[in-house]
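Subject: Structure for your review

Dear colleague,

Please find below the structure that I am handing over to you. My notes on what was found in it come after the display.

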Amino acid sequence: MREAHPVERAVGMAYYVSDADGIGGRIREAAADFRVREIEAFDAEPLDADAGSYPHVLARVTLTGWDTNDFAAELSDRLEASRERISWAGTKDKRAITTQLFSVADADPDDLRAVEISDAEIELVGRTGRPIFFGDLAGNAFEIVVRGAEADGDRIDAVTSDLRAFAGGDDGGGDRGAAEADETATVGVPNYFGQQRFGSRRPVTHEVGLAVVRGEWRAAVRAYVGNPSEREPDSTRNARGAVDDALDAFLAVRGDGPTDDSDQTVETPATETEVWQTALDELPRRLGFERSMCHRLVERGEASDGTLDADDYRAALEAVPSNLQTLFVNAAQSYVFNRILSARLDRGLPFDEPVAGDVVCFRDADAPDGLALPDTDRTQRVTEDRLATVRRHCQRGRAFVTAPLVGTETDLSEGEPGEIEREVLDDLGLAPGDFDLPGEFHSEGTRRAILLGTDLTVEDDDGDPRFSFALPKGSYATVVLREYCKTDPDALS
């Protein structure tokens, strides 16, 4: 196996499963280079249905260069409606052409038809009895152009050949890939969480989450507010470095941190609160969440004698939006999951079929045709006497091998897969019970398919390759593209 880019290894993606050379290149040079359309799994009544029983108007919206949250805010302004009345199923990136569903509570369809927003096409679909919720979609279909690639057909075919074999297809001969334009190949990759989950430029959300799960609340704040990255602008990196230096100086004097004198220029803060006042003085205004945490710490410190405890640091993390609090822990779970998949690759265990001790889930019977959507609420542990039967289910696309997104309700696998899971958790100093946390940080956990399979077509787009494929919800297009490009993740963000 080929070793992954260092930035990817830092978030648990240790390998490419294709040994073939990549084509390089970059995506999102223009919005039209990245098209994503939701694969819908939400039924609507006709627009003339009773508004009392079906108060939410459902619209299919195609956006060019719009962030989902920004468009929702603009739509609420145009309708003179509360932002809380607008819901959607999945958040999409700004640098793209996206087609997705929105619902608007208590809206007049004529008012929606009359809305004219630049680079937005609104098509009314019908009425529903409830708002559309995050996750109310089956998946996403992508058309992505890679610009500036070394896109000779041989390289693309070689990668496709490797990915077909990984998906459980034939693995002998050189014609296994999509050798001709427009030919579709069934390929598979490890169902890693992509770089976006952790921060494309500064992948630290999992570090914050790991500290939270370990109960190291100060370390969690520091990982988010300090912890500079070489991939950030100089002003941001210097500000974060100043925060780290001030905290190190304070902890050294207190005997609770590093004692080396590597930076003699740092004036030691008199109290821990002064550390975070220093942070406020240094951090650029654009780092709003970081500054919110620091404000909370300064406020709580000034209300006491300047000392701060674990409750104060937890309160600082709770100063950011609840979805970001949840994301911290989700990112930690995602990092553990990525580590488990990399360890499974290390051991040479299959991804397309189970071994004894694995836990599989079954295909969602209500998924749209052509989309293999795992239902992680229906699981079964694989024993030796059931191994052959479950393997047949996996071969026919009826079942999927899973690994845990660890939480309080997680039952780890048995056999060799269980050994892998326990080794990763032990290495990180974690256990399922550690996720029994207050508020938004609590997580019961779930399971996730380890193989990401799709039918993929590669076409020529004025000399650049256009990749077309569909993925189930929660999976990342960049996890497929990284195998073909084998480049710095920045080029795929």
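Predicted model: local features only at pLDDT ≥ 70, side-chain atom pairs only at ≥ 80, totals over all residues.

Helix α6 and its two partners

Helix α6, residues 217-225, packs against helix α10, residues 310-317, at an angle of about 35 degrees, and the two axes are 8 Å apart. The crossing of α6 past α10 is left-handed. On the α6 side the contact involves W217, R218, A220 and V221, while α10 contributes A310, Y313, R314, A316 and L317. By class, these residues comprise seven nonpolar, two charged and no polar ones.

R218, R222, Y224 and V225 of α6 meet R240, V243, D244, L247, D248, L251 and R254 of α7. This contact is made up of five nonpolar and six charged residues, with no polar ones.

Helices α5 and α11

The axes of helix α5, residues 205-213, and α11 come within 7 Å of each other and cross at roughly 100 degrees. The two helices are therefore roughly perpendicular. From α5, the residues T205, H206, V208, G209, L210, V212 and V213 take part, and they meet F328, V329, A331, A332 and Y335 of α11. Nine residues of this contact are nonpolar and three are polar, with no charged residue among them.

Nonpolar cores

The largest nonpolar core holds 106 residues, of which W276, L317 and F469 touch the most other members. Helix α11, residues 322-347, supplies the largest share of this core, with 11 residues. Beyond its neighbours within four places in sequence, F469 contacts N140, A141, F142, I144, T454, D455, L456, A477, V480 and L481. A second, separate core has 20 residues, including A59, L112, V115 and L124.

Helix α14

Which residues of α14 are buried? They are A477, T478, V479, V480, L481, R482, E483, Y484 and C485. Since these are nine of the nine residues of the helix, which spans 477-485, α14 is largely enclosed by the rest of the structure. Among the buried residues of α14, A477, V480 and L481 are also contacts of F469. The helix is followed by K486, which has a positive phi near 50 degrees.

Two further buried residues

T98 is located in strand β6, residues 97-105. Its relative accessibility is 1%, so T98 counts as buried. Apart from residues within four places in sequence, T98 is in contact with V36, V61, T62, L63, K92 and D93.

V406 lies in the loop between β12 (399-405) and α13 (415-428). V406 likewise counts as buried, because its relative accessibility is 1%. Not counting residues up to four places away in sequence, V406 touches Q333, V336, L425, P432, F435 and G445. The C-alpha atoms of V406 and D309 are separated by 28 Å, and these residues are 97 apart along the chain.

With kind regards

Methods:
Residues numbered from 1 in each chain as written. Heavy atoms only, no water. Axes fitted to C-alpha atoms, helices over the stretch in contact; angles between N-to-C directions. Helix = DSSP H or I, 4+ residues; strand = E, 2+ residues; numbered from the N terminus. Left-handed = near helix turned anticlockwise from the far one by under 90°. Contact = heavy atoms within 4.5 Å. Nonpolar A, V, L, I, M, F, W, Y, C, P; charged D, E, K, R; others polar. Core = buried A, V, L, I, M, F, W, Y, C linked by side-chain atoms within 4.5 Å. Buried < 20%, exposed > 50% of the residue type's maximum accessible area, 1.4 Å probe, protein only. Parallel < 35°, antiparallel > 145°, perpendicular 65-115°, else oblique.
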